[in-house]
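Subject: The two-chain model, handed over

Hello,

Here is the structure I promised to pass on to you. Please open it first, and then read my notes alongside it.

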Amino acid sequence: MRVNRFISYIFFSFFLLNLTSCSKDDTTIPSDPFVVAFEDLSANLGTIGRTMEIPLVFSTTAAQNGSFTLSISSINATYGEDFTTIPAANRNEITFSINSGTEGTSFVFNKLNQNLDETSQILFTISQIDYEASNIQGNASYTISNSASLGKAIAPELGGPNEGNQIYIDLSTEAETIVKRDSWDLGFYSGGDFRVGINGSIYMAAASLESTNIDEITEADVIDLQPQVAIGTFDPNNAIYVDNPNGDILGTAVEEISITESENKVYLLNLGYEVGTDTPDSGSVAVAGDARGWKKIRILREGDDYLLQYADLNDTSHQEVRISKNTDYNFTFFSFHTNTVVAVEPEAPKWDIVFTVFTNVIDGAGSYGFSDGVLHNGKSGVQAYEVTTDLFSYESFSLNNISTSSFGDDQRAIGSNWRDVFDGVPFFDRFYIVKDSNDTIYKIKFLALANDNGERGYPEFEYQLLE
Amino acid sequence: MTRFVSCFLPLVFPIIVIAQVDHPSDSPRLEQLEQVVLTGQLTPESVEKSVVEVKVITRNTIDRQAGNTLADVLNTTLNLNITPNTSTGKSGISLFGLDGQYFKVLIDNVPIINEEGIGSNTDLTLINLDDVERIEIVEGAMGVQYGSNAVSGVINVITKKSSKNRSEVLAYLQEETIGNEYEFFNRGRHIQSLRLGHNFTDKIYANATFTRNKFAGFFNNRMGENYDQNDGLRGHEWLPKTQQNLKAVLSFKEEHFAVFYRFDYLCETIEKYNDIVNPNENPSTDTQDPLSLDEIYNNNRFYHHFNANGKLFKYLVYNVSVSYQEQIKNLKQYTYRIRPQQEENVLEGEYQGRTAFFSRGTLSNLLKSKKISLQAGYEITNEKGFGSSLAVVIDPEENQVTQSLNSYDGFVSSEVHLGSKFSLRPGMRISFSNLFDTQFIGSLSAKQSFGDNWELRAVAGSANRTPNYDELYTFFVDVNHDVQGNPNLNPEQGVSTFLHLKKRSALSEGRFRLKNKISLNYLGLTDRIELIVSQQIPLTFKYNNIDSYKAVGVFSENEIFYKNFKGQLGASMQGVSKVLDNRKDSDEDFLFNFQLNANLGYTIPKWHATFSLFFKHIGTQQQFVEKINADGQQEFQRGTTNPYSWMDATVNTSFFKESVTLTVGSRNLFNVTSVNTTAFEGGAHNGPPSQIPLGYGRSYFMKLAYNLNI
């Protein structure tokens, strides 16, 4: 019995130990050094006005006090005469304190001489960081000059999982133009051809009818055709109802507008979908809302202008609008909602890429709606291609690595290839090279598809000038 | 310790008392004399006399295998295949090619709930065996006895409700490696269990069992939770999970009257650490703050079962069970900041769950005749289920789908003895429910004994399978897709027929005994539910009752007893044919699968030791899959899954007058992790998987049990 008691004592001690011990994996992961860096890389002298605040960020919230030093150097600009800073520099250096609990700091740049020209350049460089386990890396210097942007990180306001916006971005000026993607319906091409595009970002579709008389068409004439004239029907033949997704103006769903009036057919127009309003499960998108209905249209030429006729399907009369080309822009945009020409794209050379929902065509499955698209401005000569990191790392890629023959015109060179929708992150094994209409070349790397909580529609990218 | 508390906090409620009738069997030895079974019987009956063919896994076998859950012990059972799902942590069952939706798991004759079904769709890892006396298995449709979803068969887990001893304490520790992974806390499997039992009077018995089973996951080169590289290595290959299970029974028994109340609470935590790591780079400082979106599932199951049985007027046998059960699975989703190990944006909510009120009552011996026994019974199931939009694909604007399924069934069974050698067992059930048309279910079994210990059984039965929530409620409609469930679906109809020929022999004056059995089986399903194209342009998918399914086979199970040796050997050949009415050029040929199993035990009484070997071989499995051939045409091809074998070996020995029992062994001796397969079709956005995960490789375990009887 004593043996038994002993055994039970040992057993239950062990039992309790085993039962109550909770354990958490306490592996420590090596982390990055503490870094102080400029938030951005550069600013343009021409656009900054008299003063500008220049932010500096810490890689993590400071856990202790410390300090760092900026050095200032300049070409054709003199501290105290052409520009000053607050706090003021002492022997071309400024020392900042790092205060525990803060995430960054800033200083003010005052432009005293408003006539600094393209020969002037002012350079701020982080020369020293006094903080435990710190390192100088990332945006360690900041350039103010009249040259193209050296690069930036941008988080376009796509609008969350409904992706209601189109954001046109000019890389060299860092300019962003935001428009609602359902603010327009048709784009009248301003180039040499007479072509009209439909709004693929709201999944419009158009089908040519036999008739040339817009007033005689009724719903009964098109009722059999309607189910086919839509996106996502998985019918390979429905690609003819959408504009060629590669951006080729000669591939629009609406045929070339002919000078011969009788060659311009009436078109059945599926107006696509309103911007969605649902809140989808985290990681998904809800880009399409209610259907926007149907129109019938017919487009004619009137000299160098377009003449748009449009009406609801069962109307026996129609409205008419004369639309002129404006060669500063790729297109003149028209909205059935306002019945007017509307402003959408920036001037043709003033944007390089656009973040937008778009209509694509999948081989064998026809048209298919894509979200998170990034299209480049091929109509103004912007070109792009993809580089995979098994060939070059983003950091090391330089002008010498450019493969000129890889630049393509297909506006989907970035397209949706940059993101992994199943995992909710960008593909980290690739980046993109974009050449703008001035032959300025940038490399672009995507940082995010979703926000920290996994909600889609919060893209972020960074780009750097190749020089 | 916090998880322990969170599990048991909801347990504050009064425990009602009551009692039970059962046939005590505390047999630690290899052999079972007269095995009594309940499953499919009018009243408890011996295996030999049963008209229905019942297989039994005894407590002794469970102990020899050191099986903790149903998934552990069914691995080497003939015809049954265990299918682990590494991404949900569940283990399902497949029998005659049909998954767990067609198979019913019962505890003490009452279906056990899980978040996706009452009895069906059971996660076998949630059925702990520590207070279990035996497991009964019946193959084939058992709709008359057990209602919906008992199509391919039933498992009835019979718990222990009595003891010979006045008081007993049973505690054990079990340590297992997961493949070759083991650490005292963070790797491997660690099980602790404690059971206390007491006979308060000669009529009142109670016991309580607590078991904690912590599975640290199968890493297999994966790096676990705190790993910040986006190279697919974060997380686990098999999800870690911790189960805590508290069970109690209180039984009262006297002549002609017995009642028991049984309670079971299970709390399970499954940790799903995402392999996708978002580096979350800060482009300004060129530093990273890696994030991952993680999920923790928490399952809570409550089971109450009250049973009363006895005799009225000295001949009418009644048996009434009333049970309330619920299982709610909660999901916690959060953004994990990996380096500082912080959880952010924590979202918690109910993921999927079910509650059910269940009652079954039978009145037997209605005719007071020895020749004809008649049983009438009722079964009521009031089931309420819900699935969140994360569990079921529904319109995201609808937070969840809920359904109440109330069925009211009546059934009649009879056993007619024509002479001493022939018995006939007709039965039928009628089922009314709020969702489906009235269902009629029938069964007819017969048993003929011949001379010289030959027995022939023919068992025919029917049962249906009710549509699941995906089939009823899926709503995936956007610009590019249109896939919809169908609320008007009918249950699938299943019929099965079995023929069993059995022979018992004794040689050398009974020292060498044999039981041989050969069986033929047929199982047919009509109105099978499939997702079909309901419209070409635009392409629209909808679930419909359209296809049919057939399984035929032959199998043999044999037992040998010789001195201290006991062996079971089985072989099976099963063929499956699917008629896919919705697909062009589908192939209806039967595809066959061969299985072998063996369960060998040898006892050395002098050492108090038993050596056991459990083996199963599953031959090449085939399946028709629609693939694109070299000419770009869709066609049906035979996809195959490679053959594999399981083998477990154990030694079981006791010390100190049997108060301490040590079991050591190795599972999965052939070191199976996964098999290659071409038997899957790819999805719309991804290719087909080329491997099926089956196990985590050869592992070793040690179980040390302490048993004190007073």
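Among contacts in chain B between residues at least 6 apart in sequence, what percentage join residues at least 24 apart? For chain B that share is 62%, where two residues are in contact if their C-beta atoms, placed from the backbone, lie within 7 Å. In chain A, 67% of the contacts between residues at least 6 apart join residues at least 24 apart.

Some ground rules before the details. This is a predicted model, in which local features need pLDDT of at least 70, side-chain atom pairs count only at pLDDT 80 or more, and totals for chains, interfaces and linings use all residues. Residues are numbered from 1 along each chain as its sequence is written, while chains are lettered from A and ligands numbered from 1 in the order in which they are written.

The model scores ipTM 0.87 and pTM 0.88. Chain B has a mean pLDDT of 87, with 93% of its residues at 70 or more; pLDDT is the predictor's confidence in each residue, from 0 to 100.

Chain A has two helices and 31 strands; helices (H or I, at least four residues) and strands (E, at least two) are DSSP runs, numbered from the N terminus. The radius of gyration of chain A is 29 Å, well over the 23 Å that the globule rule gives for 467 residues, so chain A is more spread out than a compact globule. That radius is taken over C-alpha atoms, and the globule rule is 2.2 Å times the number of residues to the power 0.38. The C-alpha trace of chain A spans about 95 × 95 × 40 Å along its principal axes.

Chain B comes to five helices and 41 strands. Its radius of gyration is 26 Å, which agrees with the value near 27 Å that a compact globule of 710 residues would have. Along its principal axes, the C-alpha trace of chain B spans about 85 × 60 × 50 Å.

Buried residues make up 42% of chain A and 46% of chain B. A residue is buried if 20 or more other C-beta atoms lie within 10 Å of its own, exposed if 12 or fewer, and partly exposed in between, with C-beta atoms placed from the backbone.

Where the chains meet

The contact takes 55 residues from chain A and 46 residues from chain B. On the chain A side, α1 (2-20), β1 (36-38) and β25 (366-376) are the elements that give two or more residues. The largest share of that side, eleven residues, comes from α1(A).

Two sheets in chain A

One open sheet has five strands in the order β15-β16-β19-β20-β21 (chain A), with antiparallel pairing; two strands pair if DSSP finds at least two bridges between them. At its edges stand β15 (205-208) and β21 (319-323) of chain A, each with a single partner strand, so one side of each is left without a neighbour in the sheet. Five bridges join β20 (residues 305-311) of chain A to β21(A), and A:Gln309 has A:Glu320 as its bridge partner.

The other open sheet has four strands, β12-β11-β24-β25 (chain A), and its pairing is antiparallel too. Three bridges link β11 (residues 165-170) of chain A to β24 (residues 353-362) of chain A, where A:Ile167 is partnered by A:Phe355.

An enclosed strand in chain B

Seven of the seven residues of β11 (residues 153-159) of chain B are buried, so this strand is largely enclosed by the rest of the structure. B:Gly153, B:Ile155, B:Val157 and B:Thr159 point one way, and B:Val154, B:Asn156 and B:Ile158 the other. B:Lys104 has B:Val154 as its bridge partner, and B:Ile137 stands opposite B:Ile155.

Enjoy exploring!
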